[in-house]
Amino acid sequence: PTPILSGLVGSEMCIRDRSETMTRFITGGQFLVEPITEAKVYSREDFTEEHRDIYNMVMEFDRERILTQKEEIEKYNPDLIKSLIKEMGELGLLGIDVPEEYGGLDLDKITVGVVTEALVHSPSFAVAWAVQTGIGSLPIIWFGTKEQKEKYLPRIVSGEILCAYGLTEPSGGSDALAGKTTAELSKDGKYYILNGEKTFITNGGWSEVYTVFAQVDGNQFTAFLVDRDTEGFSIGAEEKKMGMKGSSTTSLIFQNAKVPVKNLLYKVGKGAAVAFNTLNIGRFKLGASCLGGSKQIINRTSQYANERRAFGQSIANFDAIIKKIAEMTVRTFATDSMIYRTIGLLQEEINLLDKSSNDYYSKMGEAMEKYAIETSMVKVYGTETSHYVINEGLQIMGGYGFLEEYFLAGAYRDDRINAIWEGTNEINRQIISGFMMKKALMEELPIREAIREISDFMSNGQLKLKDDTLAEECHSIETAKRFALYLFNEALCKYGQDLKHEQQLTEMIADIFMDIYTAESTVVRARKIMASTSPEPNVINIAKIFTTEMSNRIMSNVHTAIATIHDGPPSPLLDQKISEFEDRMRLRTNVISLKRKIAKHVYDKNGYPY
């Protein structure tokens, strides 16, 4: 794009101006351009009594029905998992998103997060449930016809049938729109004839109905509902996997498969809306699942650390172990904060829809794209936190963590897939930076104005906080936003829309955006807790640690990115500008001292305390 505004040292504005008045509205990525004082952060402290009751009920079910049979589940026992899915149907836990007229409960999206987080003891079972209630059924709920909903949803809600989602192909991976599966209308106009193959399909061997995507007329990406008994459709053998051994993963094979025209889902050529908006909520659910697992690992490894003795004392007293327990807790609290903030945003968006409208559910599905940035962040940060927590937990347990008879060996294997499915973390980082670039260039967000106002903020910008709680951290986050925008503009000046091809650079930019969103979520939640009737001082310590380390990570990433953009050291003026950002953003918190306090609190509470 042609630079049109100047005024920043070392660069020019590279977001195009528009003569027409920009329409302002709340949308994904808004956190980058609105002050922290205006941030709305829904958190678990806002749960209703019903949310807490459901959470406790699912936790009890998970302990009594799943944990007690986990060993048998992991041996691959389809009948057992199907029976447990039916039990969840009897509790209403398969119909959270389903309209009441089809046997569901039609509850809010907060409940989806609550239930997902609570299923912690068997990832193999949890993923079967997640597909049943997520990517397997949501396409029907959101985009199905009345007849399709009547045919499938009551049986899905009861657990009578399982469902699955077929998007990935052997040669396509995350490049879903390039799928080679074809669909041609038969000469009599009664069927679509599907040819091709889908792979890595969770619940593939157990399901009765599949949402499948194919190219109509070679280039119209379209969704179909495929019944198990469809002529020309077959299911491949169960894959032998590194983890998730109790779940079903197969290929789906189409050889002139005759899919009735009435099984067309939504509209011809509108498969992307079905596929990606379903994945957006799937990414959220994966992050929530990882959150529940992270808390479980902290509970068990902190208890182990207290019990395990070496050199005449409990290893919980060793400073290196203290560091691990504290960092696991900080990251998990931050993950919790950004996950429920995101589902709160999604719920607010749904609340704006007219429930009496005939297209209410399709509009709900389409609304998920509005926060694709945040749901991708939840997926990336949640899965990488889970991996970090499990890895550190295994290290705390030492040799015992490596033994199959203990819980962490299986957890380590099961967790590894989380960074791959629902779009790899690499793809999701490209979504984060790509959607932010789109919102900037299309002026869906006032990024151009925000960049123009950086100099004023750096000269005299001050936040108007109601109290001094975490005031320095709030100012650091606000400076980090400007620093990120400054870097973003530098990158756009250099590469324009070709920035999307500079993937190492866009990954760093995505990480910076993610750090800011997560830090802000953590700080706002901590301030809210401290202003409540039940303040907890240790959340202040968590927020201080996370924000301090966030600012250090951002400064490091910016230096690497600037050296790439300018192909070497920046000019003296640009270097000075960077130093001004860093001086204002840098926090000089004694994080080691605070980590000792956090670990002590975890030990005192005998597990994750929040």
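In this predicted model, the buried residues of helix H1 are covered by parts that include helix H2 (70–74), helix H3 (78–90), helix H4 (109–118) and helix H5 (123–133). Which residues of H1 are buried? They are His51, Ile54, Tyr55, Val58, Met59, Phe61, Asp62 and Ile66. These residues lie on the same side of H1, because they cover an arc of only 160 degrees around the axis.

H1 itself runs over residues 49–66. Its 18 residues, at 1.5 Å a residue, should span 26 Å.

Now turn to the pairs. Helix H9 (residues 319–351) packs with helix H11 (residues 372–397) at an angle of about 160 degrees. Their axes are 9 Å apart. Angles over 145 degrees count as roughly antiparallel, so H9 is roughly antiparallel to H11. The crossing of H9 and H11 is left-handed.

H11 also crosses helix H13 (residues 425–441), at roughly 150 degrees. The axes of H11 and H13 come within 9 Å. That angle makes H11 roughly antiparallel to H13. H11 passes H13 in a left-handed crossing.

Which residues of H11 meet H13? Ala372, Ile373, Ser376, Met377, Lys379, Val380, Thr383 and Glu384 do. On the H13 side, they meet Asn425, Asn428, Arg429, Ile431, Ile432, Phe435, Met436 and Lys439.

Definitions and conventions:
Residues are numbered from 1 along each chain as its sequence is written. This is a predicted model: local features need pLDDT of at least 70, side-chain atom pairs count only at pLDDT 80 or more; totals for chains, interfaces and linings use all residues. Side-chain values use heavy atoms; hydrogens and water are left out. Helices (H or I, at least four residues) and strands (E, at least two) are DSSP runs, numbered from the N terminus. The expected span of a helix is 1.5 Å times one less than its number of residues. Buried means under 20% relative accessible area, exposed over 50%, partly exposed in between (1.4 Å probe, protein chains only). The arc is that of the directions from the helix axis to the C-beta atoms. Contact means heavy atoms within 4.5 Å. Axes are lines fitted to C-alpha atoms, for helices over the stretch in contact, and angles run from 0 to 180 degrees between N-to-C directions. Angles under 35 degrees count as roughly parallel, over 145 as roughly antiparallel, 65 to 115 as roughly perpendicular and the rest as oblique. A crossing is left-handed if the near helix is turned anticlockwise from the far one by less than a right angle, and right-handed if clockwise.
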